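The following note is intended for a colleague who is meeting this structure for the first time. Please read the points alongside the sequence and the 3D view.

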Amino acid sequence: QVQLAESGGGLAQPGGSLRLSCAASGSDFSIDFMGWYRQVPGKQRELVAIITSVGNTNYVDSVKGRFTLSRDNAKNTVYLQMGSLKPEDTAVYYCAARVNQRTTGWTLYWGQGTQVTVSS
């Protein structure tokens, strides 16, 4: 089993910034990709940004140029630096990690979610 511990989030004003962190922990696992999704009530969960084990990143168009995803492989942690925040960025943000374990194979794990609210 792998656990994802999220931190960060909260309230920010439009134009402000926030940083989300997500650390994966467990035993005997390797990570394919990690990243963040977000969801607002009544809508499907959408990809925000992911980063692969070799550092390739992919962002949803609406956050390109504003959000930056980075990864510390030694700590199995990813950081989402969010800038120039807009009210439409308000959502619950979920960390995700695709993990390979010898006993279970490939599994997509989710964090519990952290609320990000952008409002004046």
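**Notes on selected side chains**

1. R45 is placed over the face of Y94, at 3.7 Å from the ring centre. The model is a predicted one, and the values in these points are to be read accordingly. A further charge over a ring involves R98, whose charged end sits over the ring of W106, 4.4 Å from its centre.

2. The structure contains 1 aromatic pair. Y37 and W110 form this pair in an edge-to-face arrangement, with 5.0 Å centre to centre and 70° between the planes. Y37 belongs to strand β4 (residues 29–39) and W110 to strand β10 (residues 105–110), so the pair ties together parts that are 73 residues apart in sequence. Y37 counts as buried because its relative accessibility is 18%, under the 20% cut-off. W110 is partly exposed, with a relative accessible area of 35%.

3. The count of disulfides comes to 1. C22 and C95 form the bond, with their sulfur atoms 1.9 Å apart. The link of C22 and C95 is left-handed, with -85° about the S-S bond.

4. Is Q101 buried or exposed? Q101 counts as buried, at 4% relative accessibility. Leaving aside residues up to four places away in sequence, Q101 touches Q1, V2, S27, D28, F29 and Y109.

Key:
Residues are numbered from 1 along each chain as its sequence is written. This is a predicted model: local features need pLDDT of at least 70, side-chain atom pairs count only at pLDDT 80 or more; totals for chains, interfaces and linings use all residues. Side-chain values use heavy atoms; hydrogens and water are left out. Buried means under 20% relative accessible area, exposed over 50%, partly exposed in between (1.4 Å probe, protein chains only). Contact means heavy atoms within 4.5 Å. A disulfide is a pair of cysteine sulfur atoms within 2.5 Å. Rings of Phe, Tyr and Trp (its six-membered ring) pair if their centres lie within 6.5 Å; planes under 30 degrees apart count as stacked, over 60 as edge-to-face and the rest as tilted. Helices (H or I, at least four residues) and strands (E, at least two) are DSSP runs, numbered from the N terminus. A charge sits over a ring if NZ of Lys or CZ of Arg is within 6 Å of the ring centre and within 35 degrees of the ring normal.
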